[in-house]
Amino acid sequence: MSGISAAEDANTTPFNERALELEETGPDTYMSVDLWQPSGNRGVFGGQVIGQALSAAGKTINGPFRCNSVHCYFLAAGTNTQMITYKVRRVR
């Protein structure tokens, strides 16, 4: 434990309120609005990145389709000082 309470962690509130919020920046392209980096971690919270990617993909489909499975690899740590751009490629 780092000795910092959740109330003292300035990143706690943005994660709860805006965790999956995305800004549409072009056709099938979205950008994160806020990224949560827990105190003491070297990168942003991976679960939020996965959730945002899935949310971006969900914004590009119509009809009864739903996600069946998600597979993810983290090749490098992300930082909360540079927002992530999600470019969705339609395969159907």
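Predicted model: local features only at pLDDT ≥ 70, side-chain atom pairs only at ≥ 80, totals over all residues.
Which element gives the most to the lining of the largest pocket?

1. Residues are numbered from 1 along each chain as its sequence is written, and side-chain values use heavy atoms, leaving out hydrogens and water.

2. The answer is α2, with 6 residues. Helices (H or I, at least four residues) and strands (E, at least two) are DSSP runs numbered from the N terminus. A pocket is an open set of points on a 1 Å grid over the protein atoms alone, where a 1.4 Å probe fits, with protein on both sides within 12 Å along at least five of seven lines; lining residues have an atom within 4 Å of a point.

3. In the largest pocket, 23 residues form the lining, and A57, T60, I61, V88 and R89 lie nearest its centre. Two or more lining residues come from each of α2 (46–58) and β3 (85–87).

4. Now look at the sheet: it is open, with 3 strands in the order β1-β2-β3 and antiparallel pairing. Strands pair if DSSP finds at least two bridges between them. β1 (22–26) and β3 are at the edges with a single partner strand each, so one side of each has no neighbour in the sheet.

5. You will find G26 opposite T29 in β2.
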